[in-house]
Amino acid sequence: MGLDIRINLPKPGETETYDVVIVGAGPAGLTAGIYCARGRRSTLVLERNMAGGQIALTELVENYPGFPEGISGFDLADRMKRQAAQFGAELREITTVASLQPEPDGCFSITTDQERVRARAVILSPGVEAKRSGIPGEAEFVGRGVSWCATCDGALYKGRTVAVVGGGDSAVEEGMFLTKFADKVYLVHRRDELRAEKIAQERAFANPKMEFVWDSVPRRIAGSQMVEALDVQNVKTQEVRTLPVNGVFFYIGQVPNTAFLQGVVERDEAGYIRTDDLMRTSLCGVFACGDARSNPLKQIAMAVGDGSLAAVQAQRYLDELDCSLPGAGEHRPAWGGPVAVKAEAAGPSPAAPAGPATP
Ligand code: NAP
């Protein structure tokens, strides 16, 4: 079977209806795409950037099974993308989804910045993006020394000094990556203990280019044309110290890309999409997977597991509910949560398919 990648090619004036539309092409969305396409469902994957999500910006993935030597995040994402395409999933990149709405006939309308498509079932895998610190200078120096992507910008800091803010896996891994270029990397963490995986910590502590600034939070980024300094404050002593740096990389956590889902599906306090164990959201026919789902583990392996289960459940839903049938239009919670959105049409409610999650 030939590749069927359609990148950014909406059809003007036409509203296509797919069996499944997947929002987001990170590991979760691409895995769901592989499973749906192999199930011979017409499948469209929409991605606001380039396919791959966060991992496409990761230099080396070492903890995804099957790659004992590790694999570059870009290569892993590219393999997933080609695998989904090879089974017939369509992918449209640089396409931002603006809204998702249930329609009276039981389908869903998805509006992007370029077109409107319809879906009989939807899988949400919009992923997350870097949290902003909000300190003075952060917004001002974007592109002039402030970054959230060491893989993208690291090479600009050859022979320079940079600060990385955060103590999780991203901060430690990306800080280590930056030591390939920078002469010195300050890692500024608000506690005296890192959150990152132990093996990553061991490597970072052994790297002579890394200097740890414990119990400290960033207060201000200063410079003229480019970043020249980062003020950090010790949270125990209140002492303020100025680090002479050319760049500041923030890895202080993530926020889910779910603003477009407000009032559509139930989300938790932090905006992550709530699902049941079968990846069903509060809106029947809509499933969620990956980092934007309210789950306890943000890992590629988890996203892949999420994505496969969401795809299997979406297909079970399609098997039991043909949205083109009259009377199949009432949307209701799939798992007993509050009704987030009610469709206008009346009619008998389709039962949400359940059952064990075997492919
Ligand atoms: P994270 O695990 O949420 O860590 C964020 C770090 O920033 C924490 O150390 C936190 O401090 C600190 N922080 C939070 N708010 C702050 C603020 N306002 N000012 C200063 N520091 C602040 O985020 P992440 O490292 O981006 O990772 C996100 C998820 O992806 C995690 O589940 C992680 O395990 C996963 N991930 C995995 C890998 C891998 O498996 N190789 C790689 C990257 C990411 P505290 O520790 O005090 O809370």
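The shell around the ligand is made up of 5 nonpolar, 9 polar and 6 charged residues. Here Ala, Val, Leu, Ile, Met, Phe, Trp, Tyr, Cys and Pro count as nonpolar, Asp, Glu, Lys and Arg as charged, and the others, Gly among them, as polar. This is a predicted model, in which local features need pLDDT of at least 70, side-chain atom pairs count only at pLDDT 80 or more, and totals for chains, interfaces and linings use all residues. Residues are numbered from 1 along each chain as its sequence is written.

**The ligand shell**

- Of the 20 residues around the ligand, those that come nearest are Gly 166, Gly 167, Gly 168, Ser 170 and Lys 298; a residue is near a molecule or strand if its C-beta atom, placed from the backbone, lies within 6 Å of it.
- Helix H4, residues 169-178, gives the most to this shell, with 4 residues.
- Helices (H or I, at least four residues) and strands (E, at least two) are DSSP runs, numbered from the N terminus.
- The ligand lies between domain 1 (17-129 + 255-320) and domain 2 (146-252), because both give residues to the shell.
- The domain bounds come from an automatic or database domain assignment.

- Strand S6 covers residues 116-124 and is mostly covered itself, with 7 of its 9 residues buried.
- A residue is buried if 20 or more other C-beta atoms lie within 10 Å of its own, exposed if 12 or fewer, and partly exposed in between, with C-beta atoms placed from the backbone.
- S6 pairs with strand S1 (residues 17-23) in the parallel sense over 6 bridges, and Ile 22 stands opposite Ile 123 in S6.
- Two strands pair if DSSP finds at least two bridges between them.
- With strand S5 (residues 108-112), S6 pairs in the antiparallel sense over 4 bridges; Ser 109 has Arg 118 in S6 as its bridge partner.
- S5 and S6 are joined by a hairpin through 3 residues.
- Strand S17 (residues 286-288) runs parallel to S6, joined to it by 3 bridges, and Ala 288 in S17 is the bridge partner of Leu 124.

**Ser 216**

- Ser 216 lies in strand S12, residues 216-223.
- Ser 216 counts as buried because it has 27 C-beta neighbours inside 10 Å.
- Leaving out residues up to four places away in sequence, Ser 216 touches Val 188, Arg 190, Val 232, Gln 233, Asn 234 and Val 235; two residues are in contact if their C-beta atoms, placed from the backbone, lie within 7 Å.
- Ser 216 and Val 188 are 28 residues apart along the chain, and their C-alpha atoms are separated by 6.1 Å.
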